[in-house]
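Please keep the sequence and the 3D view at hand while reading.

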Amino acid sequence: MPETVKLTIDGKAVEAEKGTLLIEAARAAGIEIPSFCYYEGLTLQAACRMCLVEVEKTPKLQVGCTLPVAEGMVVHTESAVVKQARKGMLEFLLTNHPLDCPVCDKGGECELQDMVFRYGAGESRFLERKVHVDEKQWSPVVFFDAPRCILCYRCVRICNEGMGVNALGVANRGVISEIVPNRHDHLECDECGACIDICPVGALTSGIYRYQTRPWEMRHVGTICTHCADGCRTTLGVRNGKIIRGNNRDRSGINGEFLCIKGRYAFDFVDHPERLQSPLMRCGEGFEPVSWSKAVETVAARFNEIKVRGGEFGVIGSNHTTNEENFFLAKMARQGLGTKNIDHHRTGDLAAFFDALAGRKDALASTQDLYLAKAVLIAGADLSQQHPLLAFQARANVRHHAAHIYTAAPGPVREDKYSFARAQNLEELRDKLAREENLVIVIGPLAEARRTIAFGDSLGVPVKYVCLVDYSNSRGAFDMGVVPRGGGKSLEQMLAAPDLGALWVVGANPLKNAELASRQAFVVVQDLFLTETARRADIVLPAASAYEKSGTVTNVCGEVQKLRPAVKVMGAKTDLEIFGLIAKEMGLHLGIPLPDKVFEEIRRTVRGYDVPLPVIETGGAAPTAPLNGRVEELPGAVRSAGDTLFTSGTLSRYSKILNSVMEAPGALYGGLAPGDGSR
Amino acid sequence: MTFSPALEERFAQMLRAYPEGRQRSAVVPMLIYAQDEVGSITPELIEEVARRCGVDPLQVDEVVGYYSMLHRRPMGKYHVQVCTNISCMLVGGEQLYEHARKTLGIGHKEVTPDGRFSLEEVECMGACSWAPAVQINYDFHHFVTPEKLDQLIDSLRKAQ
Ligand code: SF4
Ligand code: SF4
Ligand code: SF4
Ligand code: FES
Ligand code: FES
């Protein structure tokens, strides 16, 4: 039991752990001490003085956000003098504030507005001209309107401490103090937007959302980011059927309020003008739009015909579609088309990973483990570039728990900046690692899964592992069996098979850098865009993106989370709906193609997936542990696409915001050579 | 960027004086002493101090912007700082500053054409008990009257 102290706040007896800050002790007791600069998880600033309280036997008002509780302390948070102080502080904060609430992005969800409403004076005694500074654009993402700034330093701290980027500072002092970007007139950073969302006022605004709407006109849909494999929860703000904002200010999900640029802003591919909105059928060199019924009939008829004549099928699934879709596709391939040739672009060696850990308990690290472990070894990965959330967790672990971060990578990575030790290869780190109390090992694309696990096991300390994969449901695609188990052809083998009868590609672009050997193959592609692969298709079916569907996805740590549809794009259908239509037309009986029904089956039949429904239904993340049994070796290549912070396979090609940022990946801290980013 | 051997030695000592990992504490003294040698805080100096103290240039820039005794442009050989903060103001600090402006023919943070004098209106220098106070480079002058200031400036004009 940690030592506690007893104190009184507003007449209420409160007990709190020794060392707790008064503001936290009060919050825990249901008493809110107003604050601007105090921010849970960041260093103390004590800059705004909103949290002044009266402490008996202390002559002056005290700063509640830095004052540790003490035995017998008697605190008043609502006395006349405290109220007067708050009023004064707010009057002071408003001296140069433009009060342009009617046009400010933050209007309606602004902390300054709320405070003034609750505690402020109705009028100001300042008659001086307000200091005005023109608004500045620092990057395609970040805009700064200095007069609105209340100098709480939240942005500076989140960028410095949370992101490890250090891109914001404060110039000058007093009334002309101003937040400034690291490159004088512009920013060079992660463009994550964390500073924008953490700003209590409308001083920092985003190029994506600014002047688009009033906050209360939006509908908010909590879903899962569709880019990298970390599975951040993002709350999409939707108005008139259009997504106009992404954030996670309610701190729901495994990511708290963390999001990288992709989860916060790269939803714009959804209404890219090149989005496919009608099925297309080959017509000579080009395509002609056809109705859904015609397209589905054609696909079903050709599939049946090829099946009857014993032709060979190849099925390539996606790294982005839901577990339900992957499961249904695998079932359709095996039971419906009678083929074992099913695969997807595998971006991490999960087969070797699961096999090496088969039969173990507690061997898989959760997202939270990266924040709680005493030490984290990042082997062969550029975590900040490729797994922003995992990198954020590790950084927070260093800040909050003084965890030891180790990096073993062939080049410089951002983690070096706060790592305890770095090396080119694992052996050099052995002695130090063996002295850790416990450890999480992150196995990146440049590390070999079996070898790394053998190394970890030989350390003699408790180790949990993560095997990095690239995309939002890479893990789910593997778990649902979108792999050539039992002697099927791998993706590469399918493409190289000279007499493949049909190739069915769902949400993937394998022909970006490869040729299809079979000339006569009937090619069906389901995608959002007319990709290189879709251009080779006989039938192209317009698919819905993750932001337009229900279902579940599994992140890099094996946590299952639920998607909720934010918008609908006219003409497109979810891949599951499309599978259902084709199955029905082909006369196949594979179960009801509804996400909930399919998920029921997944829970019953896929190992590790008997997860508790309430957790998922309420927006939680349920861990899976598919370790009960050996995993067969698979043919074909495992290759990370090497995406960076600003790329996301094919999707990023259709994101205006990702294409507009000017930073070279790794520009700030070096970085491992990025790949081609194809999915 | 390198400095005179004496200053290099001083910097090396400073970096050793702070506990391991706290080298950023040397930012302010380094800037002040380097300013004396270089003449002003140049962008290269900012980069250099950042490198030596292991912080980002932006963080050194913040410090430079914060402290009024750090100048981004060279000041005069004699930098005359007149306090007009409350204690000094009550006993004629503002008149003294006005007088200095006239005598030197320059305004706040300006430099005379010959580069010998610069003027700055400063906030409290902790010399309230002897107000009004003036500081010229590192020297304090107490109970300064306009006449006394003229004499001071004259003597400096004559000095080489
Ligand atoms: S966008 Fe992110 S990385 Fe850039 S300044 Fe803001 S917090 Fe820092
Ligand atoms: S820009 Fe916003 S977050 Fe940053 S200091 Fe100003 S008010 Fe605070
Ligand atoms: S870290 Fe990954 S999951 Fe999270 S917001 Fe970024 S791209 Fe999306
Ligand atoms: S919240 Fe305490 S000073 Fe800002
Ligand atoms: S007010 Fe001038 S020295 Fe203090």
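## The interface of chains A and B

Across the interface of chain B and chain A, zero salt bridges are found (a salt bridge is a side-chain nitrogen of Lys or Arg within 4 Å of a carboxyl oxygen of Asp or Glu). Four residue pairs are in polar contact there, both residues at pLDDT 80 or more; such a contact is a pair of N or O atoms within 3.5 Å, and within protein one must be able to donate a hydrogen and the other to accept it, while residues adjacent in sequence count only if both atoms are side-chain atoms.

The contact (heavy atoms within 4.5 Å) takes 13 residues from chain A and eight residues from chain B. About 800 Å² is buried between the two chains, with 46% from carbon and sulfur atoms; buried area is the accessible area (1.4 Å probe) that two parts lose on being put together, summed over both. Of the area that chain B buries against chain A, Leu58(B), Glu62(B) and Tyr66(B) supply 58%, more than any other three residues.

## Basis of the model

This is a predicted model, in which local features need pLDDT of at least 70 and side-chain atom pairs count only at pLDDT 80 or more, whereas totals for chains, interfaces and linings use all residues. Residues are numbered from 1 along each chain as its sequence is written, chains are lettered from A and ligands numbered from 1 in the order in which they are written, and side-chain values use heavy atoms, leaving out hydrogens and water.

## Surroundings of ligand 2

Ligand 2 is surrounded by 14 residues, the closest being Cys149(A), Cys152(A), Tyr153(A), Cys155(A) and Cys199(A) (a residue is near a molecule if one of its heavy atoms lies within 4 Å of it).

## Surroundings of ligand 1

The residues around ligand 1 include Val142(A), Cys159(A), Asp190(A) and Glu191(A).
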